[in-house]
Amino acid sequence: MTRNHCLRNFGIVAHVDAGKTTLTERILHVTGRIRRTGDVHDGNTVTDFDPSERSHGITINAASVRCDWQGHVLQLIDTPGHIDFGLEVERSLRVLDGAVVVLDGVAGVEAQTEGVWRQCDRHGVPRLAFVNKLDRPGSDMSATLTAMRARFDVEPVAIQWPLGKERDFVGVADLIHQRRLEWRDGELTITSGLPAEALAARAALVEMGDHFGAGSDPTPEGLVAALREATLAGLVVPTLGGSAYKHRGVEPLLDAVVALLPAPKDRRVGTADGEALEADPEAPLAALCFKLEEQTFGRVAMVRIYRGTLRRGEVVLHPRTGRTFRVGRLLHVFADRHDEVQALAAGEIGAIVGMPLGTGDTLCDPSHPVALEAIAVPEPVMRVALEPRSRREQAALGAALAKLVSADPSLRLETDPETGQTVLAGLGELHLAIALERLAAHDVVVNAKPPRVAYREALGQSVEQSFTLKKQTGGPGTYAQVELRIEPAEPGVGLVFEDALRGEELPRHYLPAVRAGVEQAMQIGPIGGYPIPDARVTVLGGKAHERDSSDHAFQAAAARAFSLAAAQSEGCLLEPIMSVVIETPGDRLGEVIGDLGRRRGRVLGMDPKATTTVVRAEAPLAELFGYSGALRAATGGRGSFSLSLASYAPVPGSVAREVLKSSA
Ligand code: GDP
């Protein structure tokens with residue numbers, strides 16, 4: 001068990017290619033977690049990782065790895081590099097207490113830097129910034145700080161300044177302790193004194209410290225205390241610099257993580273009832289399962305303990321199912337191994353072996369039931385139909401898909417109600433492509449149709465409809481009569497089911513069957529067979545037969561009544577509209593906007609920066625297939641974008657005809 005003030009749960013977030021992977025590997029190396037990985041950092045050419053690093057890549061991408069630094073335990077939480085995986089980012093932001101935002105010292109603030117920054121803002125995550133690649137030509141610490149100031153609502157404050165530029169970048173000046181840290185041949189040497197440029201940066205730091213109560217001539221301790229408070233309050237972002245690739249600036253970054261980012265006790269976690277829990281290891285248990293992982297010995301559930309202590313052999317409550325479990329093996333996860341432990345205390349992250357948990361589940365003390373705030377799962381917007389190549393492969397496919405979906409709840413498994421095909425639904429083209437790759441990695445090969453947009457249908461006007469099911473086939477008959485009124489309902493409300501029965505004509509114990517029939521019919525809308533997610537349905541009347549009526553008959557009659565009514569309701573086809581944030585070089589703005597227009601996009605706003613423009617737009621998902629390639633071509637590879645679901649909107653008539661023709 002670890003004392004929780006010595007713990008730091010933090011994640012590294014960045015725009016793709018800023019150097020997150022390289023930095024993570026360097027951190028695991030300096031903390032002694034992995035052996036030296038050869039001399040990749042000595043070369044001047046920027047090559048990809050060598051095979052040993054590549055093989056580490058898998059373990060480094062574990063949900064969380066522990067390492068030790070100067071008497072503290074760092075729990076490094078993996079956050080995905082691609083913002084497409086909304087859920088992965090959200091769930092890691094839930095379990096980390098602080099973040100290091102890696103910026104490319106040449107490119108500065110990029111589209112996804114802004115994306116992850118805003119996500120951290122939303123979760124109130126205090127952060128440090130690390131300006132990476134200071135060894136590269138064109139890198140500029142001061143310009144990066146200026147870009148951060150212009151783009152974000154907080155004040156970045158340099159606590160380090162580069163020593164030497166580009167090829168001559170040798171280390172950093174530590175502005176707090178007024179010393180020079182230089183790395184030569186992998187060795188760190190520390191000398192005192194600051195060069196002139198660093199002194200100017202220190203003056204700005206001292207001024208900031210003064211503002212937060214450190215005084216005008218602060219001690220290093222006073223400055224750190226003031227900075228820590230301002231960082232935890234989200235008022236400043238201490239900014240460091242270095243070159244992960246050349247191994248420069250990594251150790252002081254870890255010192256800053258310990259000194260300036262929050263310990264678990266500095267944070268509160270919310271419950272579903274809006275209570276805020278404190279990280280007290282002696283209080284009743286509250287833990288969150290945030291990820292399921294396949295390990296060589298089986299599946300483990302990664303948990304973060306928010307309050308109390310999870311002990312092996314103790315009985316805990318799983319509030320979602322109301323069941324209790326005895327806690328089995330508990331593990332600490334390191335980059336290259338697992339250690340068994342007897343307990344995990346508040347603030348710690350670890351793995352539980354052999355418990356049937358799902359992502360977002362709480363575990364708690366049976367005598368103090370509590371549910372932690374759930375992890376919001378984004379709606380899938382795209383579907384792909386999967387066909388196993390043989391009957392034998394069907395079983396393997398089912399098992400592999402079940403695993404995939406329980407590990408990533410933003411993937412959903414459905415059955416096409418018309419064709420009976422297995423359908424995988426996800427957050428976008430790339431999300432589904434990666435899911436299929438993972439299946440292939442488990443030797444489950446499927447014939448996947450091209451992915452399709454998840455259309456929906458909406459009801460138009462109110463319709464009343466009665467249906468009588470009557471069959472007489474020798475033995476006992478089948479009889480049910482149902483009269484319904486169906487009306488459109490607000491998006492997102494689902495089925496609003498109302499009972500307006502007056503007399504005893506339809507015994508109320510058949511109502512659940514009527515509801516089930518309606519729900520079944522809502523899966524296949526009259527326009528193109530797409531689901532109708534929202535409807536208001538009122539049961540107006542009906543009739544039962546003493547002998548021949550059954551739940552089954554009422555379910556079938558209600559389904560028919562709903563379908564007949566829906567067909568007369570003159571509803572419409574709905575399509576997912578995505579919110580698109582694009583960053584493009586200013587000189588390519590015209591092409592990017594023109595292309596958006598051809599994709600039925602609507603520009604909502606533009607934000608010109610020094611050399612780039614951020615375009616905020618909305619466009620139908622159906623028109624965004626292959627968008628990353630198109631943007632790359634339009635911007636010479638310099639543009640970037642992110643997507644998230646904005647709403648569902650009616651498909652214009654001519655487009656709807658095309659959609660229906662191709663899905664027929
Ligand atoms: P990620 O996508 O953020 O994980 O970025 P990577 O760590 O994979 O780095 C992207 C590329 O930048 C790789 O080719 C790295 O070798 C290179 N890189 C990362 N850090 C540095 C650095 O500090 N200096 C230089 N020159 N290249 C770097």
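A contact here means heavy atoms within 4.5 Å. By that definition, residues 24 or more positions apart account for 72% of the contacts in the protein with a separation of 6 or more. The model is predicted.

**Overall fold**
- The protein has 15 helices and 37 strands.
- Its radius of gyration is 29 Å, close to the 26 Å from the globule rule for 664 residues, so the protein is as compact as a globular protein of that length.
- Along the principal axes, the C-alpha atoms fill a box of roughly 100 × 65 × 50 Å.

- The accessible surface of the protein is about 29,300 Å².
- Carbon and sulfur atoms make up 50% of that surface.

**Ligand shell**

**Polar contacts and cover**
- A polar side-chain atom of T22 lies 2.5 Å from an oxygen atom of the ligand.
- A18 uses its backbone: an N or O atom there lies 3.3 Å from a ligand oxygen.
- Y245 also places a backbone N or O atom by a ligand oxygen, at 3.2 Å.
- On its own, the ligand has 580 Å² of accessible area, and the protein covers 86% of it.

Note on methods: Residues are numbered from 1 along each chain as its sequence is written. This is a predicted model: local features need pLDDT of at least 70, side-chain atom pairs count only at pLDDT 80 or more; totals for chains, interfaces and linings use all residues. Side-chain values use heavy atoms; hydrogens and water are left out. A polar contact is a pair of N or O atoms within 3.5 Å; within protein, one must be able to donate a hydrogen and the other to accept it, and residues adjacent in sequence count only if both atoms are side-chain atoms. Accessible areas come from the Shrake-Rupley method with a 1.4 Å probe; for residues, only the protein chains shown count as cover. Helices (H or I, at least four residues) and strands (E, at least two) are DSSP runs, numbered from the N terminus. The radius of gyration is taken over C-alpha atoms; the globule rule is 2.2 Å times the number of residues to the power 0.38.
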